[in-house]
Amino acid sequence: MENSKGQWSSNFGFLMAAIGSAVGLGNIWGFPYKMGANGGGAFLLIYVILVVFVGFAVMLGELAIGRRTGKGAVGAYRALSRKLTWVGYMGVGSAFLILGFYSVLGGMVMRYMLGFLVNLFGGDGFGAEGFFGSWIANMPGMVGFYALFMLLNITIVMGGISGGIEKFSRIAMPALAVMLVTVIVYVACQPGAMEGYKFMFVPDFSVFDSLKSFFSVLKAAAGQMFFSLSLGMGAMITYGSYLSKSEDLNRNAIIIPVADTIVAIMAGMAVMPACSAFGMDYGQGPGLLFNTLQTVFMDGMGGFIGNLMGFLFYTLVFIAAITSSISLLEVNTAYIIDRKLEKGKKANRRSITAIMGAVIFIVGLPTALDGLGTNVAGGALINNPAITFGLPSVGATADWLDFYDMIAEGILMPLGSLAMSIIIGWVFGSRMIKEEATCSGHVYKGEKFYNICFRYIVPVIMVIVLYAQIQTFFG
Ligand code: PHE
């Protein structure tokens, strides 16, 4: 039955959309880099343990809350209890804040994609040396591509659930997989690739030597996991609300995190050895995805093949970014649609999506205008929040992107997820999850395991993440 808000047309379509949401810049850029910087294989081990004990449960919880209530994040928590609406607002709020800067990065990815396309046809797609540095200070360029990315996003979300998001993801996600495998295989054939694999995978167990270093790795891995699995921002609640009651929730809640983790590892197997093979430094932060890899493809590999690999790579990053950003926009669109319907009004998806996208575009604009923290002195139009507001210059105020990210990913997201695990584990009891998982005759496998996760493991991990985030926030 197609309700007025739309529904996924098949479980495969839902999976492609949900994995599309999960697989994003977090996998391709954040994961390999954080893994290398936090003990390599030791980080991977902790990450996988977290996915099993926290990721599976929270994924199941979010999908269940969404499907049970048939509402987006705010509506869903309100439907559980009026007193819990604020938890939903935290999710929608962080999706709102993240979508802006996420799209600025998405726009940059498009610019690189285009650059390699131009190169492929014999043109000069990047101009002089040091393209990255001049591009981030190129205000019309940054804003233009940001707008373009947002427009694409709006267009897809306007198409609705099965006709827009699902249709796009069904084609885009398999294409991403093919491109990723192609790049991995080509990179593996380069001399010097081994170093990159070693950097990523060889475990540095000295991170377990002191409690302090263990907690710092745990925090990095947990934060990364939540972001990468699209948890704590209402995305999976919203996507779950469009899932048919006859689908197996339990199984889906395992497939999505497993697929996301595999893609993260695969992305590392493309990025890290590509850097090592051409003697490039991995620890470049935002520069890794843009500056470093552009040099690797263009100058390291070089020639037609290098440009082709570059084009494939940035195209797959683009797909990863756009399928994630549509879920962030959908969280906001669904919120307004729910509100209108609850008030008995008509909800026009197309105009709601367009307005929401435009508002987010404006709020996110500062992240495109401060030259990623190079500020007015570096040729940008505005300064970072520290200079603008005269705040003490801590990590989170280094640029507007970090500032928004800290509020969203650093505070709203872990707080929201902590609240959710307490609500499921202690307030509503896991009976609700069980009812939802078994409503069409599926077996709820691992019930006892999930109960322990919700009651004890998830809250403890969330408190640790929250504490660590607040600490970094204040330097
Ligand atoms: N999971 C996405 C990534 O890895 C980001 C995201 C977070 C998307 C939350 C939607 C909701 O890049």
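Reader: Which helices each supply at least two residues of the lining of the largest pocket?
Author: This is a predicted model. The largest pocket has a volume of about 970 Å³. Its lining draws at least two residues each from helix 2, helix 5 (85-120), helix 10, helix 17 (400-427) and helix 19 (447-473).

Reader: Which helix gives the largest share of that lining?
Author: The lining of the largest pocket holds 30 residues. Seven of these residues make up the largest share. They come from helix 2.

Reader: How many residues of the lining of the largest pocket are charged?
Author: Nearest the centre of the pocket lie Tyr-33, Lys-34, Asp-402, Asp-405 and Glu-409. By class, the lining has 14 nonpolar and ten polar residues. The charged ones number six.

Reader: Now the ligand. How many charged residues are in the shell around it?
Author: The ligand is surrounded by 15 residues, with Ala-22, Leu-25, Gly-26, Tyr-102 and Phe-227 among the closest. Seven residues of the shell are nonpolar and eight are polar.

Reader: What percentage of the ligand's accessible area does the protein cover?
Author: The ligand takes up the space of the largest cavity. On its own, the ligand has 320 Å² of accessible area. The protein covers 100%.

Key
Residues are numbered from 1 along each chain as its sequence is written. This is a predicted model: local features need pLDDT of at least 70, side-chain atom pairs count only at pLDDT 80 or more; totals for chains, interfaces and linings use all residues. Side-chain values use heavy atoms; hydrogens and water are left out. A residue is near a molecule or strand if one of its heavy atoms lies within 4 Å of it. Accessible areas come from the Shrake-Rupley method with a 1.4 Å probe; for residues, only the protein chains shown count as cover. On a 1 Å grid over the protein atoms alone, a cavity is a set of points where a 1.4 Å probe fits but cannot get out, and a pocket is an open set with protein on both sides within 12 Å along at least five of seven lines; lining residues have an atom within 4 Å of a point. A molecule sits in a cavity or pocket if more than half of its atoms lie within 2 Å of its grid points. Ala, Val, Leu, Ile, Met, Phe, Trp, Tyr, Cys and Pro count as nonpolar, Asp, Glu, Lys and Arg as charged, and the others, Gly among them, as polar. Grid points are joined across faces, edges and corners, and a volume is the space filled by probe spheres set on the points. Helices (H or I, at least four residues) and strands (E, at least two) are DSSP runs, numbered from the N terminus.
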